[in-house]
Amino acid sequence: MRRDDRRRILAAVALAAALTLFLCGCSGAETASINFAALPSAEPQYIDAWPENDLTARIPEPQDGAIDYVRDFSDDGKYEIVWDFGSNAAFEEYIDTLQAQGYAEVAAASESASSGMLLEKDGVYLSIAYSGGTMNLLVMRETL
């Protein structure tokens, strides 16, 4: 199996785990107001620079590592970024940066090989899954 294929599988599993964590962590009233529609099909876009759009403008670019690919679901208020970090410490530093900018933890879970969390600020949710140096970040706007 090629490295890119392993990355895609890891990203898909991480996204599913993060979304499951997100769904389990929400109560009735909150659940009703968040757009939980399944992600439509979108091909990965392999890019070399941090994407610029309304959703990514709400979060900082990580200072370590490199972007692997993105998937654009912006018509549904979502945008996915898959980022390869140089180390676990760099990932933890990025989470600290998000929290310093006001993103509060809504839910979190971790195991020895992976972790997932949901952060929120001003109706913007960050569903984050991390494993093996790769972060899968789904940025979502709250919808009514």
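A salt bridge is here a side-chain nitrogen of Lys or Arg within 4 Å of a carboxyl oxygen of Asp or Glu. By this criterion, Asp 54, Arg 58 and Arg 141 are linked in a network of salt bridges in this predicted model.

**Overall fold**

The protein chain contains 3 helices and 6 strands, which follow one another in the order α-α-β-β-α-β-β-β-β. Of its 144 residues, 42% are buried.

**Salt bridges**

| Basic residue | Acidic residue | N to O distance |
| Arg 58 | Asp 54 | 3.3 Å |
| Arg 141 | Asp 54 | 2.7 Å |
| Arg 71 | Glu 80 | 2.4 Å |

Asp 54 takes part in the bridge to Arg 141, and this pair connects distant parts of the chain: Arg 141 belongs to strand S6 (residues 134-141), Asp 54 to the loop between H2 and S1, and 87 residues separate them. Asp 54 is partly exposed, because its relative accessible area is 45%. Arg 58, at 32% relative accessibility, is likewise partly exposed, and Arg 141 is partly exposed with a relative accessible area of 28%.

Glu 80 is buried at 1% relative accessibility.

**Acidic surface patch**

Asp 64, Glu 92, Glu 93 and Asp 96 form a patch of negative charge on the surface. Asp 64 is located in the loop between helix H2 (28-33) and strand S1 (66-73). With 34% relative accessibility, Asp 64 is classed as partly exposed.

Strands S3 and S4 run antiparallel and are joined by 6 bridges. Together they make a hairpin, with 3 residues between the two strands. Within this pairing, Ala 109 is placed opposite Gly 116 in S4.

Ser 110 is part of strand S3 (residues 104-110) and is exposed, because its relative accessibility is 59%. Although Ser 110 and Ser 131 are 21 residues apart along the chain, their C-alpha atoms are separated by 9.9 Å.

Asp 122 occupies the loop between strand S4 (114-121) and strand S5 (124-131). Its phi is positive, at about 50°, although Asp 122 is not a glycine. The relative accessible area of Asp 122 is 67%, so the residue is exposed.

How values were computed
Residues are numbered from 1 along each chain as its sequence is written. This is a predicted model: local features need pLDDT of at least 70, side-chain atom pairs count only at pLDDT 80 or more; totals for chains, interfaces and linings use all residues. Side-chain values use heavy atoms; hydrogens and water are left out. Patches are made of residues with over 30% relative accessible area and no salt bridge: like charges are joined within 9 Å, nonpolar side chains (Val, Leu, Ile, Met, Phe, Trp, Tyr) within 5 Å. Accessible areas come from the Shrake-Rupley method with a 1.4 Å probe; for residues, only the protein chains shown count as cover. Lys and Arg count as positive and Asp and Glu as negative; His and the chain ends are not counted. The place of a charge is taken as NZ of Lys, CZ of Arg, CG of Asp or CD of Glu. Helices (H or I, at least four residues) and strands (E, at least two) are DSSP runs, numbered from the N terminus. Buried means under 20% relative accessible area, exposed over 50%, partly exposed in between (1.4 Å probe, protein chains only). Two strands pair if DSSP finds at least two bridges between them.
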